[in-house]
Amino acid sequence: MAAVPIENDLSGLTPDVRAVLDRPAAHYIDGAWQPDEKTIPVIDPSSGRQISQIARGGAAAVDAAVTAATRALKGAEWSQIGPVERERLIHQLADLIDQRAATLATIETLDNGMPIWFATHLDVGGASGVYRYFAGWPTKITGETVDVGAPPGLGQYLGFTRREPVGVVGAIIPWNVPFMLAAWKLAPALAAGCTVVLKPAEDTSLTALMLAELALEAGFPKGVVNVVTGYGAETGEALVKHPGVAKISFTGSTVTGKRVGALAGEHLKRVTLELGGKSPTIIFADANLDEAVPGAASSIFLNSGQICVAGSRLYVHERVYDAVMERLAAHVKTLRVGPGLVPDVFMGPLVNAKQRARVEGYIAAARKSTPVLHQGSAPQSAPGFYVSPTVVAGAGHDDPITQEEVFGPVLSVYRFTDTDEVLAAANGTSYGLSATLWSRDVQRVLQVAAKLECGKVIVNAAGFPYPGLPEGGYKGSGFGKDLGHAAVEQCLNTKTILIRTG
């Protein structure tokens, strides 16, 4: 196998990509670029080098964005266009995303570190599909008519409900799949007729800024989509606290989600929290190991394990445990790790030095206390934030690597003997986001799926988010849903109207 470069080659970037990187740091508010005195460097995770900069906003920038979003919400240009026109605009935005997919994917890879194939097909391509799905919803939003009858002595009445946009939505997204998660927040809000202030993660803000520009080009009125960049404690907290924001939609860590939920509760804002996970994968003895092992590996090593639903705990029936471990040890050695712009790289670097240090800390602790550890390879002496794909076996149920979200390419493996045992272990964390089952026994699959304490169960596949199915968890993994009909519902208010007719 040929040697993998240790960082992205920036000499061949297209003029469109270079223009994004060279643009002065600014927020996108009310259809225009708004510079800020303070900036944050943009770092290429493959090299650790600065390649651009973004604005570091605070309360003033957030207030300007919310003011613009409020004005757009109440303005006739947006509030009175009707559902058919909203549908057309969202489709037009999806068309523009498809047209600019190569530029968006390259920027995402440079900003986040993900492989270019992942950015192209799953992140940017998946986001386009999300907008197209939600484009169908504006014309499907309806109230209902209720037969009130004629209460004695009160006359006759007509009763009905109407659905109205909840207001300005504050959307806060993490750095792991930025363009896709921006779509999860924006698409249902726009379908419902809301306006949005988006706060992307400070590590990965470039494609969010591009998205706001594309929304204006698609024909959305000024102020409908606004992007304010900056740190969570400054920009994000100001957005959550702002009295002009009616709903907060947040994806991120459980620790931060608790803070967001508490602040939203103080201000009686509607809130959706899609938080962390420690998702189990269960391989039963009758599973097809030719599919189950690479599927389980893909579930954790895809995007370097930086996926909230990543299958980070693997439970294997004792009858096939040795065979699975042998295959996993061989599999991790085939995973090519390197800079994301190299076409045949499977795993890129982690997003930043802090995340790399955090993941390496878990691996170092596991190396001291667990009997089996297998690792693949990462570029040697690389300046970027690389971590080798790692398999750990023998950790205890209460160990940090079992109970805590690592958010990196680390798979911990456990042996089990019966269904009750594995269910207790799988449910035995504070998280409840997702789970994956590998078995040919349909009855067993249905029984186990019903008893798993999580928001999503995938069977005999690595899984993927489908726009028409809700995503969200139980317990410490949050509440509320992204995607599906539920996401639109959470952006709507219901108003009752009672009319005396006689």
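1. Helices and strands are here DSSP runs, helices of at least four residues and strands of at least two, numbered from the N terminus. In these terms, Asn460 belongs to the loop that lies between β18 (457-459) and β19 (478-479). The model under discussion is a predicted one.

2. Overall make-up. The protein contains 17 helices and 20 strands. Its radius of gyration is 24 Å, close to the 23 Å that the globule rule gives for 502 residues, so the protein is as compact as a globular protein of that length. Along the principal axes, the C-alpha atoms occupy a box of roughly 80 × 60 × 40 Å.

3. Of the 502 residues in the protein, 56% are buried.

4. Surface and charge. The accessible surface of the protein is about 20000 Å², and carbon and sulfur atoms contribute 54% of this. There are 43 positive and 48 negative side chains, with 4 Å between the centres of the two sets.

5. Strand β16. Which strands pair with β16 in the parallel sense? One is β13 (residues 313-317), which is joined to β16 by five bridges; within this pairing, Leu314 has Val413 as its bridge partner. Strand β16 itself covers residues 410-416 and is mostly covered, since six of its seven residues are buried.

6. An open sheet of three strands. Strands β5, β6 and β20 form an open sheet in the order β5-β6-β20, with antiparallel pairing. The edges are held by β5 (145-146) and β20 (492-500), each of which has a single partner strand, so one side of each is left without a neighbour in the sheet. Strand β5 is joined to β6 (residues 157-165) by two bridges, and Thr145 has Phe160 in β6 as its bridge partner.

7. Backbone angles that deserve attention. Most residues other than glycine have a negative phi. Ser304, which is not a glycine, has a positive phi of about 60 degrees. Asn460, also a residue other than glycine, has a positive phi near 55 degrees.

8. Is Ser304 buried or exposed? Ser304 is buried, with a relative accessible area of 2%, and it is located in the loop between α11 (289-301) and β13. Asn460 is partly exposed, its relative accessible area being 35%. The cut-offs behind these words are under 20% for buried and over 50% for exposed, with partly exposed in between.

9. Val345. This residue is placed in the loop between α12 (321-332) and α13 (353-369). With a relative accessibility of 1%, Val345 counts as buried. Which residues does Val345 contact, leaving aside its neighbours within four places in sequence? They are Val4, Pro115, Trp117, Arg336, Val337, Gly338 and Pro339. Lys241 is 104 residues from Val345 along the chain, and 42 Å separates their C-alpha atoms.

Definitions and conventions
Residues numbered from 1 in each chain as written. Predicted model: local features only at pLDDT ≥ 70, side-chain atom pairs only at ≥ 80, totals over all residues. Heavy atoms only, no water. Rg over C-alpha atoms; globule rule 2.2 N^0.38 Å. Buried < 20%, exposed > 50% of the residue type's maximum accessible area, 1.4 Å probe, protein only. Areas by Shrake-Rupley, 256 points an atom, 1.4 Å probe, with all protein chains shown as cover. Lys, Arg positive; Asp, Glu negative; His and termini not counted. Charge placed at Lys NZ, Arg CZ, Asp CG, Glu CD. Pairing = 2+ DSSP bridges. Contact = heavy atoms within 4.5 Å.
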